[in-house]
Amino acid sequence: TELPDYLPMVLEFVSVADKRIGVDLLSRFRKPITKIRQNLSEQNSPYSALLEALELIIDHLTLKEVLS
């Protein structure tokens, strides 16, 4: 799975989409988001923290979906 070209637009869509659709979409992009975060971390980019937060949110939402 490749990450969409414009992540902010995807995140905005997820914020208004049906919860299950949003969680499914975000979980599909988890691995590419991790790869980008790792690359940003290696470059000491402050933006890596934003993607790390997004990873935590995805994990939390996915776990809640599994447990419900």
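This is a predicted model: local features need pLDDT of at least 70, side-chain atom pairs count only at pLDDT 80 or more; totals for chains, interfaces and linings use all residues.
Me: At what angle do H2 and H4 pack?
Reply: Helix H2, which covers residues 19-28, packs against helix H4, residues 47-67, at an angle of about 130 degrees, and their axes are 10 Å apart. Angles over 145 degrees would count as roughly antiparallel and those from 65 to 115 as roughly perpendicular, and H2 and H4 are therefore oblique to each other.

Me: Is that crossing left-handed or right-handed?
Reply: The crossing of H2 and H4 is left-handed.

Me: And which residues meet there?
Reply: From H2 come Lys19, Arg20, Val23, Leu26 and Ser27, and they meet Ile58, Leu61, Thr62, Lys64 and Glu65 of H4. By type, the residues of this contact comprise 4 nonpolar, 2 polar and 4 charged.

Me: Switching to H3, which of its residues are buried?
Reply: In H3 the buried residues are Pro32, Ile33, Thr34 and Arg37, and what covers them includes H2 and H4.

Me: What span should H3 have?
Reply: With 13 residues at 1.5 Å a residue, H3 should span 18 Å, and this agrees with its end C-alpha atoms, which are 18 Å apart.

Me: What comes after H3?
Reply: H3 is followed by asparagine 44, which is found in the loop between H3 (30-42) and H4.

Me: Is asparagine 44 buried or exposed?
Reply: Asparagine 44 has a relative accessible area of 69%, and exposed means over 50%, so asparagine 44 is exposed.

Key
Residues are numbered from 1 along each chain as its sequence is written. Side-chain values use heavy atoms; hydrogens and water are left out. Axes are lines fitted to C-alpha atoms, for helices over the stretch in contact, and angles run from 0 to 180 degrees between N-to-C directions. Helices (H or I, at least four residues) and strands (E, at least two) are DSSP runs, numbered from the N terminus. Angles under 35 degrees count as roughly parallel, over 145 as roughly antiparallel, 65 to 115 as roughly perpendicular and the rest as oblique. A crossing is left-handed if the near helix is turned anticlockwise from the far one by less than a right angle, and right-handed if clockwise. Contact means heavy atoms within 4.5 Å. Ala, Val, Leu, Ile, Met, Phe, Trp, Tyr, Cys and Pro count as nonpolar, Asp, Glu, Lys and Arg as charged, and the others, Gly among them, as polar. Buried means under 20% relative accessible area, exposed over 50%, partly exposed in between (1.4 Å probe, protein chains only). The expected span of a helix is 1.5 Å times one less than its number of residues.
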